[in-house]
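Student: I have a model open and want to know what stands behind the words used to describe it. Could we take the terms one at a time?

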Amino acid sequence: DFDPDVVKALVVSLDAPGPARSDPARYLEHLHCATAEGTPTVAGVLFLGRAPQRWLADARVSAVRFPGREVSGEFLDRVEIDGRLTDQIHGCEEFLARHLAAPSSVEGWERREHGMPSEALREAVMNALVHRDYRMAAQVRVGVFDDRVEIVSPGGLLNRLTIDSIRIGWISQRRNPIIASLLARLARPGRENLGIGIPEMSRRMRERGLPEPEFDVQGGHFRVILRTVPAAPR
């Protein structure tokens with residue numbers, strides 16, 4: 001069920017040592033993508049599987065562009081994004097880029113970007129896919145409205161984490177540590193995720209004159225709201 005070409009690309013992208021290249025099966029066991037017997041783990045299926053949804057039917061994203069500012073049965077666009085975890089991240093980025101304006105202006109010799117910062121969107125998408133509860137029969141949902149983006153992922157906050165604590169940064173608990181570590185290595189070579197993504201999201205939003213991200217937990221799901229309308233002046 002592993003795609004050999006994807007396995008080879010993973011070994012190369014992680015700059016694995018020589019022995020790993022000659023014996024990738026042992027390296028996948030070291031990464032916790034496979035057991036000693038060669039059986040794919042959940043992380044292995046999500047990163048290296050030929051067809052991840054064959055085994056994890058709800059490990060996917062439903063992305064919808066709604067008209068107006070309310071959830072409705074009318075869609076301007078709807079996409080089911082599946083495949084491997086990296087495919088889902090890229091699919092979400094393409095969907096959001098298609099439906100969110102990215103205006104810019106030139107001041108002197110410098111181009112200034114306006115609108116929703118892509119870094120904040122990417123962090124929200126990656127957090128939803130990495131920290132979701134893969135045991136729940138529910139997919140990640142991305143909704144684009146006239147005034148905001150909502151990203152909803154299955155699973156609440158772990159243990160004693162609160163909305164206030166995740167805003168601070170440096171306070172982090174990972175529901176899926178293997179998935180989180182592997183994606184961090186792929187996305188940020190040589191760096192581990194230190195739980196400072198949300199403060200950085202807030203800073204990027206403020207720099208664009210947009211409200212800081214909003215978070216809530218309802219019905220066992222975690223929701224992030226990113227407003228596309230500038231914050232009212234105080």
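Tutor: Begin with contact, which means heavy atoms within 4.5 Å. Keep in mind that this is a predicted model.

Student: What does E150 touch, not counting residues up to four places away in sequence?

Tutor: On that cut-off, E150 touches R141, V142, G143 and F145, and also R223, V224 and I225. E150 itself lies in strand β6, residues 148–154.

Student: Why is E150 called buried?

Tutor: Buried means under 20% relative accessible area. E150 has 11% relative accessibility, so it counts as buried.

Student: What makes the link between the side chains of E150 and R223 a polar contact?

Tutor: A polar contact is a pair of N or O atoms within 3.5 Å, and within protein one must be able to donate a hydrogen and the other to accept it. The contact between the side chains of E150 and R223 is 3.3 Å, so the distance falls within the 3.5 Å limit.

Student: How far apart are E150 and A63 in sequence and in space?

Tutor: They are separated by 87 residues in sequence and by 10.0 Å in space, C-alpha to C-alpha. For the protein as a whole, 58% of the contacts with a separation of 6 or more are between residues 24 or more positions apart.

Student: How do you know that β1 and β5 pair?

Tutor: Two strands pair if DSSP finds at least two bridges between them. Strand β1 (residues 61–65) and strand β5 (residues 140–144) have five bridges, in the parallel sense. One of the bridges sets A63 against V142 of β5, and another sets R65 against V144.

Student: What is the sense of the pairing between β5 and β6, and over how many bridges?

Tutor: The sense is antiparallel, over four bridges. V142 has I151 as its bridge partner in β6. A hairpin of three residues joins β5 to β6.

Student: What makes β2 and β7 edge strands?

Tutor: The open sheet has six strands in the order β2-β1-β5-β6-β8-β7, with mixed pairing. β2 (77–81) and β7 (214–218) each pair on one side only, and these are the edge strands. From one strand to the next, the twist averages 15 degrees.

Student: How do the axes of α6 and α7 cross, and what is the hand of the crossing?

Tutor: The axes of α6 (residues 85–99) and α7 (residues 118–131) come within 10 Å and cross at roughly 145 degrees. The crossing is right-handed. Residues making the contact include L85, I89 and L96 of α6, and L121, V125 and L129 of α7.

Student: What classes of residue make up the contact of α6 with α7?

Tutor: The contact has eight nonpolar residues, one polar and two charged. Cys and Met count as nonpolar, and Glu and Arg as charged. C92 and E93 of α6 are among the contact residues, as are R122 and M126 of α7.

How values were computed:
Residues are numbered from 1 along each chain as its sequence is written. This is a predicted model: local features need pLDDT of at least 70, side-chain atom pairs count only at pLDDT 80 or more; totals for chains, interfaces and linings use all residues. Side-chain values use heavy atoms; hydrogens and water are left out. Axes are lines fitted to C-alpha atoms, for helices over the stretch in contact, and angles run from 0 to 180 degrees between N-to-C directions. Helices (H or I, at least four residues) and strands (E, at least two) are DSSP runs, numbered from the N terminus. A crossing is left-handed if the near helix is turned anticlockwise from the far one by less than a right angle, and right-handed if clockwise. Buried means under 20% relative accessible area, exposed over 50%, partly exposed in between (1.4 Å probe, protein chains only).
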